[in-house]
Amino acid sequence: MKTVFQAIMCSIVIHVAYMVTMMVVGYIKTKNYKPDIAGAWDRVETLQNEVSFGKSSSPFLYIITFIAVAVICGCIILVYKKLVS
């Protein structure tokens, strides 16, 4: 049971680190973005008239990746324990 708890905690840490990293990367990209307003008039035909923010994905995807990462971490923990013993 201890191995299962460790695998779940490892999966939580990996998912939180991934989400925080994605937010930090988005923040840095947003802060460093400098639009080329003068150059945009040369490419009028490629400009969009609608804007969408963010993305949408199924919440089941996070559940599946959480379980898969927990299984992988559990296997790694078991192999490590066998090698150390």
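These questions and answers go through a predicted model of one chain.

The model is predicted, with local features needing pLDDT of at least 70 and side-chain atom pairs counting only at pLDDT 80 or more, while totals for chains, interfaces and linings use all residues. Residues are numbered from 1 along each chain as its sequence is written, and side-chain values use heavy atoms, with hydrogens and water left out.

Q: Which pattern does the chain follow along the sequence?
A: Helices (H or I, at least four residues) and strands (E, at least two) are DSSP runs, numbered from the N terminus. The chain has 3 helices and 0 strands. Read along the sequence, the pattern is α-α-α.

Q: Is S11 buried or exposed?
A: S11 sits in helix α1, which covers residues 2–32. Buried means under 20% relative accessible area, exposed over 50%, and partly exposed in between (1.4 Å probe, protein chains only). The relative accessible area of S11 is 0%, so S11 is buried.

Q: Which residues is S11 in contact with, leaving aside its neighbours within four places in sequence?
A: Contact means heavy atoms within 4.5 Å. With those neighbours left aside, the residues touching S11 are F66, V69, A70 and C73.

Q: Why does V16 count as partly exposed?
A: V16 also belongs to helix α1. V16 counts as partly exposed because its relative accessibility is 47%.

Q: How far apart in space are I77 and Q6, C-alpha to C-alpha?
A: I77 lies in helix α3 (residues 59–84) and is buried, because its relative accessibility is 18%. Leaving aside neighbours within four places in sequence, I77 is in contact with T3, Q6 and A7. I77 and Q6 are 71 residues apart in sequence, and their C-alpha to C-alpha distance is 8.2 Å.

Q: Which element gives the largest share of the lining of the largest pocket?
A: On a 1 Å grid over the protein atoms alone, a pocket is an open set of points where a 1.4 Å probe fits, with protein on both sides within 12 Å along at least five of seven lines; lining residues have an atom within 4 Å of a point. Among the residues lining the largest pocket are Y18, M22, K55 and Y62. The elements that give two or more residues to this lining are α1 and α3. The largest share, 7 residues, comes from α1.

Q: What part of the 85 residues in the chain is buried?
A: The count takes in the 85 residues of the chain. Buried residues make up 12%.
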